[in-house]
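Me: I would like to learn how to read packing features in a structure. Can we take them one at a time, general idea before the case?

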Amino acid sequence: MKYNTIFFAFFFLFITPHVTAQKKQKIVVDVVEQPLNRIFLSLRDVYGFRFAYDEDYISKFSVSLSGEFDSKEDAIRHLISGLPLRYEKSGDVFMIIPDRGLKKDSLSFPEIEGQILEANTYEPLPYSNITINGQPLTSDQKGHFSFIASTDTSFALQISHLGYYLYDTVLFNSVNQQFFLNPSVQEIGQVLVKRYQVEKSALVGEKPGKMKLNHVIASYLPGYGDNSVYAILRLMPGILASGEQSSDLLIWGSYEGQSRVQFDGFTLFGLKNFNDNIGAVNPLMVKNIEIYKGGYEAKNGGRVGALLNIMGINGQMAKPAITFCINNSTVNSLVEIPFLKKSSIVAAFRKTYYELYDPAKLNMLGPARRYRMDAGEQSNMNNSNLGMRNTLIGLIGQPEYNFMDANLKYTYRGGNGELFYLSLYGGGDNFLYDVRGDYLNVNLIRQEKEWNRQNGASAYWGKTWGKGVSGNVTIAYSNLNNSTSEENGFVNLHTQKEQIKKLIKVENDVSEYSFRSENSIPLLNGHSLDVGFGYVLNNIKLERKSFADYLINMDFRSERAYVYLQDYLPVGGIVELKTGLRMDYSASLSRFYVEPRVSASVKAGENWKVNAAWGIYNQFIAKTAIVDSVANYAYFWTAANNGNIPVLRSRHLVGGLTYDNNNFTVSIEGYHKTVDGLTRYVSGTKRIRKGYYSGDGRSYGIDVFIKKSFKENMAWLAYSLSRSEERFPFNRGRGYRPALHDQRHELKLAGILNIKSFYISANYVFGSGFERATATLDNVSADLPVYSRFDAAVVYRFAPKKFNMEAGVSVLNVFNHENIKYSNLKRVQTRDRSFVDVYSEAVPFSPMLFLKIKL
């Protein structure tokens, strides 16, 4: 701190113009041949002037002036006297404008057009927020924007992108140029220039139901590093963290398979991601993360839940770069190579080199009495054994898990904002656990296998045409091959006779071919029109066998085309209206589906914003729940047909209020969602016939997000109050009952503290428990199975000579609270009328080390 004080004192005394306030009423200027932009900076710091100007333009002028002035206006007039400049005032802001003596052509409108890039790497910054003379707009995927004004000749321009410094300038008449934003942290040799990298974790409340995440800070949060994308997602409001779902995101009450994860334009149907160790997206490849929890616009469709859109990096254009990471179980590497003059190649590779799991403790809850649980009767069990205790038995399993994936991307960046890339992805994992142990007078046998292969590819081309019209075309392909098997049985310890009670094998393959064209047409004063169309083809195969008999053997084909039209209208810099209409035609079902959407954002003062949105959404492929005779659930991809699987149809209503001031943000957002067409296949019980059943669901709740940034440090709180309910014909009374993922309360706390080169972070997640847990475990005498997990990490950054390094230690579940991984909870039959519940623990106490090197 002492050296910083000396440095700033030296700077203002000897480098900046000599500007002092000897008298409170007077403005004193005493400069000799100083650049005008430096003089303005000094006036800002000493007297509180507020300016808007083109930095590059006014820095060309040097001024000599000595005198005292009675007002700010008087000082400005003398400083620009004799220069081709003039000023205008907007509130208390002085806009310094070139005085070119040009008359505006009454037949043309000035246009501000440009592309937003990251300084040094020249990476386009997609979906940046832009304000021009108070009118808001957003850049497209390639960082391009266009604004046509009806009357103005000078433009106060502000550009912001999460994790980057604000760009603030004034432009004059028509402009078409590139705008470079500086990241919050820059490393120069051995010197770390601190610019508060962790000053923002997320952008919440700008649009209804939308969040934008700063993926850079994810690497400072506790975790393995290979799943840092999920590490920050799970700490956001409305995204379920309790229960540690292993293969899907459950957001705002959506079911498994109702939300879409998209990377570089192709769909990721999901790898298993056991115990949060490895995510399907390599964090080294991530550039931008956007989450649409609900109420999203007409250009997005195909799901009734949430959307997670992740954009990958394009690679260094200036020089080659290599990044290498290693932790307890995986190695990860990234190579960026400039190619020719306007191209780059990026390659990334991850692989497990050590078994992720030691022998895992699998717990069994054996009821003290015998009972049979029929599907739909779980809720009755809570009151059926009052006063009885369950027996807790620990068994040792031998899990095996292997993972590998790779990314390859070629990018070409041409003139006038042209962007082309080809992105390829391939990944897979294998999981096996085998459990054997004595329970009562039998030796239980349980073996579960799962094999996944996920591939994806996309080709994107975008270009800006005349009059600011921007368009892009994306062709994408993705597929997931999933194979699972489950074997349950027992050996009678008296007779030594082995009996296999269950042998299930499932093959589920899903593929997607898609084409889409998106176009944006700028009109006047920020008003714009978006129009697009596309085509999607899904092929799905589902086979489910019990021993040698086929329970399900189906092939699905879903072919559809869509078109959308969307109008964006800012009104007076206060209101933003977005209305749209999307129409899908399903060739497989020979039917049109209309989806109107509308949203509004209103500035209710300088620091307040009110958001609201409503829309209708359809989904043509989804995961169908398959329920066996003892109420075990499994989810597999299917497609809507004209028979037993209907199209999912949902209505979203979203509203929110946000306060943002001085790095302090409070956001409250409520939602109400309904969904029709839920499908459940029941294997059959004495009460319920085997077959497909259709139902409906509803979810509603409130999210609260509070965040405070202070210098290099930050902390946030996220709280969700929610209810998710479903209704099927086999429900008792045929009314609504809690959905399997229904949880009333979830609280999340997180903080990052930066002390010189150290980053210290911690987070805590509390969940009040699931209906599935209280019903299936049948444990009335014990407390509700709440979820509680506290994680902590320390990261040290250093830069020895020609490369940068990060090293750290992270501990998950510091207090080793025993949480249940609900997706792995199974009911196993031991004898004709006896069952036990088997579940594997969620993340236990897990210390880990990691090292990251960037050359």
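This is a predicted model: local features need pLDDT of at least 70, side-chain atom pairs count only at pLDDT 80 or more; totals for chains, interfaces and linings use all residues.

Me: Next, the nonpolar cores. What is the general idea, and how many residues does the largest one have?

Reply: In soluble globular proteins, nonpolar side chains tend to be buried together. Here the largest nonpolar core has 51 residues. L233, M236, I239, I291 and W716 have the most contacts inside it. Helix α5 (residues 228–233) gives the largest share of this core, 4 residues.

Me: Take I239. What is I239 in contact with, beyond its neighbours within four places in sequence?

Reply: The list is M211, L233, R234, L249, L250, I251, I291, E746 and K748. L233 and I291 are also among the residues with the most contacts inside the core.

Me: Now aromatic pairs. How many are there?

Reply: The count is 29 aromatic pairs. Take F51 and F94, a tilted pair with 6.2 Å centre to centre and 40° between the planes. F51 lies in strand β2 (residues 50–52) and F94 in strand β5 (residues 93–98), so this pair ties together parts 43 residues apart in sequence.

Me: Are F51 and F94 buried or exposed?

Reply: F51 is buried, at 16% relative accessible area. F94 is buried too, at 1%.

Me: What does a second pair, F790 and F815, look like?

Reply: F790 and F815 are also tilted, with 5.5 Å centre to centre and 35° between the planes. F790 is in strand β45 (residues 787–798), and F815 is in the loop between β46 (804–812) and β47 (826–831), so the pair ties together parts 25 residues apart in sequence. F790 is partly exposed, with a relative accessible area of 26%. F815 counts as exposed, at 65%.

Me: Which rings are linked into a cluster?

Reply: Ring pairs link F40, F49, F51, Y87 and F94. F49 also has a charge over its ring: the charged end of K72 is 5.1 Å from the ring centre. K545 sits likewise over Y550, with its charged end 5.3 Å from the centre of that ring.

Me: Last, strands. In which sense do β22 and β23 pair?

Reply: Strand β22 (residues 330–339) and strand β23 (residues 343–352) pair in the antiparallel sense, over 10 bridges. V331 stands opposite K351 in β23. The two strands form a hairpin with 3 residues between them. In the turn, L340 has a positive phi of about 55°.

Me: Which strand is joined to β23 by 9 bridges?

Reply: Strand β26 (residues 400–413), running antiparallel to β23.

Note on methods
Residues are numbered from 1 along each chain as its sequence is written. Side-chain values use heavy atoms; hydrogens and water are left out. Rings of Phe, Tyr and Trp (its six-membered ring) pair if their centres lie within 6.5 Å; planes under 30 degrees apart count as stacked, over 60 as edge-to-face and the rest as tilted. Buried means under 20% relative accessible area, exposed over 50%, partly exposed in between (1.4 Å probe, protein chains only). A charge sits over a ring if NZ of Lys or CZ of Arg is within 6 Å of the ring centre and within 35 degrees of the ring normal. A nonpolar core is a set of buried Ala, Val, Leu, Ile, Met, Phe, Trp, Tyr and Cys residues joined through side-chain atoms within 4.5 Å. Contact means heavy atoms within 4.5 Å. Two strands pair if DSSP finds at least two bridges between them.
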